[in-house]
Amino acid sequence: MITTYQITLKIHRYDPALQKHWTQEYQVEAGRIMRFVDVLRKINDEQDPTLAWGSSCEHGQCGTCSMKINGKPLLSCELLVENAVDFFNTTTFEIEPLEVAPRIRDLIIDTEKAYERVDRVKPYVIDPAPADHDDVEENQISPEDLERYVDATRCINCFCCSSACISSHRTFLGPNAMLAAVVRVMDPREREKQQRLDVLYNENGVYRCHSSKACSFVCPKEIDVAHFIALAKEGL
Amino acid sequence: MSNALSIRSTIHCDVLLIGAGGAALRCGAEILEQMPTARVIALTKVSHPQKSHTSTAQGGLAAVDPKDPMDATIFHMFDTWKGSDCTADQNVVKKICESAWEQILWLENRGMHFSRDQQGRLSKRTFGGHTRNFGEASVYRAVFEADRTGKGIMDTAWGETLKRGITFINQAIAVELLMENGRCGGCVVFQQKDGEFVRILARATVFASGGSGQVFQVTTNCRQNTGDGLALVLESGLPVMDPEAVQFHPTGIVGPGILASETLRSVGGILRNQAQEPFMEKYAPKMKELAPRDLVARAIETEIREGRGIMNPDHNIEHVWIDLRHLPQEVHEKQIPEVTSFFKRYVNLDPRTQLCPVRPSNHYHMGGIPTTMYGEVQDKNQGVIEGLYAVGECAAASFHGFNRLGTNSILELITMGKLVADRVVEVLAQTPAAASEMTSSHYREKMSGYLEHGGSESLGQIRFELRALMTEQVSVFRTKAGMTSAITRLHELNRRVTQTKISCRDLKMNQELVQRWELDNLLAVALAIAEAALAREESRGAHFRDDFPERKDEYNYHTLVSMDRFGEIELGRREVDMSVFEAGGEHHEQFSIIERKY
Ligand SMILES: Cc1cc2nc3c(=O)[nH]c(=O)nc-3n(C[C@H](O)[C@H](O)[C@H](O)COP(=O)(O)OP(=O)(O)OC[C@H]3O[C@@H](n4cnc5c(N)ncnc54)[C@H](O)[C@@H]3O)c2cc1C
Ligand code: SF4
Ligand code: SF4
């Protein structure tokens, strides 16, 4: 069994002070089960402390470390070196930030700019139905009703789908923003339906989608994003 | 360079939340519900509030449903008291347990996607240590959102604050607390995105900065949990409480530290050492793998200390094996599918055919910034610091004492978040409308020091040594000799750290500068933990001394540690509140000093 790999990372870098873009190559001896976040940390510790990149939970729950590796948007905490070698059939990896928001430095993008699209669909209950009776009662939602949209609530806003979605770059709010909207249309606790439908069906809404299903293909949470968008197109 | 370090602007607000995890957002949402015109600012180190650590909490949220005939609030209070090894404060326990269900409804009514039972009501599960009738049998008390309860809380509370017009400043780090005459007036913030320092003046400042897990080498905590809150409080001359109370989970996946659930052992997983011997029978001949968490954790660490661990070459961490190969296919598929997928995803191992590496993983910090039951921060003499509050994992009110029950932490976030908000709103209504002027005193010197230092030491190497040291000497296995040597080493690391240099000169998104600052925080928190653990010559809850294995009544108090400068340790005490016991009502005898035996 191979225990270490000599890998080459070609990392797209950006220096905001000099407004300079360049690609830098790093040779790394990487253990077979190092994750890409570990490899980046190793570069910081041993070769180049200036390389900037982002992560937080590092186990696939927060969606901070998304980036493009050999063109595929993914969570770098979930990609092990040996799996990457296997999957891409190479030991050279080109690493770029997702292009869903402006870059700040190297692999770090201005995530809150990307989130503005999600904010626009109002990711909360606009007008909550009052709870059933007195103040000890919750709303009742049958498991079957919940099942219809629960998968859409699993989204962690990593923006991998937005990055893969060919139509999301300009006018489309993007697949994950659509998911957030669909959830509240289907949630029986939301009484405000008109504003919801306006967002889904306006000029930045679901009709911008070309049904390529790239979103479902790249989603690290394995959410069938395109299915929910198709539901919305059918009028839910 | 020194010009770049000066304060660029001043922002005024009513409430400044340092943090945007579950505790901060619940608190912020309540303040805005009650005072819609208030200007509330929340800071995060991460790129967006949703990326905060609370989003990773899985299991659930304990709360007694008043409709449940089998359960009662007093049972939840008892379990928490017993679990804390009689070191939780009973006034806080009572307040939190009594308001729990109301807060569940707050979340439910605002759209959290709780898992449901057949009637469409909130499903409940059992959890270790939660019982009915004072320990008689386990009880269904934890509501949950599948295996992503923390994410459910975050999504809901973030949505509410967004709806009500909070201002988030992401990737913005509080680097100095502004204090004058025992009063807090806000803080200095490093806005990484612009590479600028700003001053935020607030009428109320609330610490909600989360845990400190990065102090240890193997941890379930996220990368940003470097104990900043505790370090900022210490450098302001304020104490931290019970820093030695740190919880470890026996089986973290090596190297990422990710939780491999207890279920692995209950379904028949066997722990093995380097020679592949099943070693648990040496430590717990009857219970073996099913012995309590802390005992299993210590057994694993002992094997490793005595040279029977295995070194993982990729992560440079020693570990033992958990063997699941003999379990029937059905168990793998039906009972432990998530954990199986974790091993697959993060270490590329198939537990059906391969041994899997585990080591106890740091999980939770019970200790923190001492507060009253309303989250007001206290000084060494338990006087309240005007304008300063703390809530969530960084705070110690104390709900968990020396050991936290599963599902009680995220409950604390939402209940204390609400209580702190109530108090802040009440105080704001009584005080003058303007925040007071305060000037910074030391962040600048510190930062320019970091940028000017030169030398050949590596930041990464020192951080690695610090974390390994804490895992080896100050984690589940503590002795006088081990901790004394750890303290000496920490002083040495603290000297070496001045020999590191920062290559990136531009301040914009300068991660080196931030990591350098974080390393100082890790060092300070590590030292506070080690000194407090050394002084407590007994075992209590998660604090286990190999040389003093019993709990002792003479230590029935909270430790207070102050450290105005690195190494200048001052120890103090706070009494444990036993008001439920003292009130003498029905069942009060259950709240006396009892044994923690299950
Ligand atoms: C894997 C895992 C599973 C868990 N499961 C459960 C469970 O099932 N039930 C349960 O009860 N508990 C659970 N816990 C524990 C629980 O998740 C945490 O204790 C809790 O989420 C902490 O919340 P918080 O709001 O205090 O802090 P966090 O969510 O950590 O938020 C801290 C915030 O402060 C910010 N911050 C920190 N420092 C600074 C600074 N210097 N300046 C500005 N901002 C700063 C951070 O960026 C972040 O926004 C689990 C923990 C882990 C690791
Ligand atoms: S299916 Fe629609 S939303 Fe998904 S990637 Fe294709 S165009 Fe984008
Ligand atoms: S739908 Fe999937 S890919 Fe898209 S943001 Fe959510 S989790 Fe990421």
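Trainee: Is D323(B) buried or exposed?
Mentor: Buried means under 20% relative accessible area, exposed over 50%, partly exposed in between (1.4 Å probe, protein chains only). D323(B) has 3% relative accessibility, so it counts as buried. This is a predicted model: local features need pLDDT of at least 70, side-chain atom pairs count only at pLDDT 80 or more, and totals for chains, interfaces and linings use all residues. Side-chain values use heavy atoms, without hydrogens and water; residues are numbered from 1 along each chain as its sequence is written, with chains lettered from A and ligands numbered from 1 in the order in which they are written.

Trainee: Which residue forms a salt bridge with D323(B)?
Mentor: A salt bridge is a side-chain nitrogen of Lys or Arg within 4 Å of a carboxyl oxygen of Asp or Glu. Here the partner is R325(B), with the closest N and O atoms 3.0 Å apart. R325(B) is partly exposed, at 34% relative accessibility.

Trainee: How many salt bridges are there over all chains?
Mentor: The count is 69. Take E112(A) and K193(B): their side chains meet at 2.8 Å, N to O. That pair crosses between chains, from helix α3 of chain A to the loop between β10 and β11 of chain B. Helices (H or I, at least four residues) and strands (E, at least two) are DSSP runs, numbered from the N terminus. E112(A) is partly exposed at 28%, whereas K193(B) is buried at 16%.

Trainee: Where do E426(B) and R423(B) lie?
Mentor: Both are in helix α11 of chain B, three residues apart, about one turn of the helix.
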